[in-house]
Amino acid sequence: MGVIERKTKTTVAVVRALFTLPESERHGFGIALASKCRAGTVYKILDRLMEEGWLTFRWEPNANEKNPPRKVFSFTEKGGREASAFLRGLDPVVFPDTAAAPEQTQPVPQGGTT
């Protein structure tokens, strides 16, 4: 289980992003944005997750016809179970879930709204 042994901040961020993004946004760039990780790093992690059988992908036409189709990733049955266990097994002190922490949200600018 090479993926589970690699509990790095970027791997955790990518797995969390895969769980939180809607299916239509689970393309590499969307995952990179949601995880706040560099795209090159994200694609390496996605490759490892596919090698472990956690992910599969389908080709989706790009909205801009000038751009090539893109891969949209989803968990396999095995991957969903193992990724969920992977996240449950994290030490919250080492890997805090910043999305759930209200103090991590952006402040509202003075005189404005978000």
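Helix axes here are lines fitted to C-alpha atoms over the stretch in contact, and angles run from 0 to 180 degrees between N-to-C directions. Helices are DSSP runs of H or I with at least four residues, strands are E runs of at least two, and both are numbered from the N terminus. The model is predicted: local features need pLDDT of at least 70, side-chain atom pairs count only at pLDDT 80 or more, and totals for chains, interfaces and linings use all residues. Residues are numbered from 1 along each chain as its sequence is written, and side-chain values use heavy atoms, without hydrogens and water.

Start with helix 3 and helix 4. Their axes come within 9 Å and cross at roughly 110°. The two helices are therefore roughly perpendicular (65 to 115 degrees). Gly28, Phe29, Ile31, Ala32 and Ser35 of helix 3 meet Ala39, Val42, Tyr43 and Leu46 of helix 4, where contact means heavy atoms within 4.5 Å.

Now turn to helix 2. Its axis comes within 9 Å of that of helix 3, and the two cross at roughly 115°. Ala13, Val14, Ala17 and Leu18 of helix 2 make the contact with Ile31, Ala34 and Ser35 of helix 3.

Ile31 also touches Leu21, Glu25, Arg26 and Phe73, among others, not counting residues up to four places away in sequence.

Note on methods: Parallel < 35°, antiparallel > 145°, perpendicular 65-115°, else oblique.
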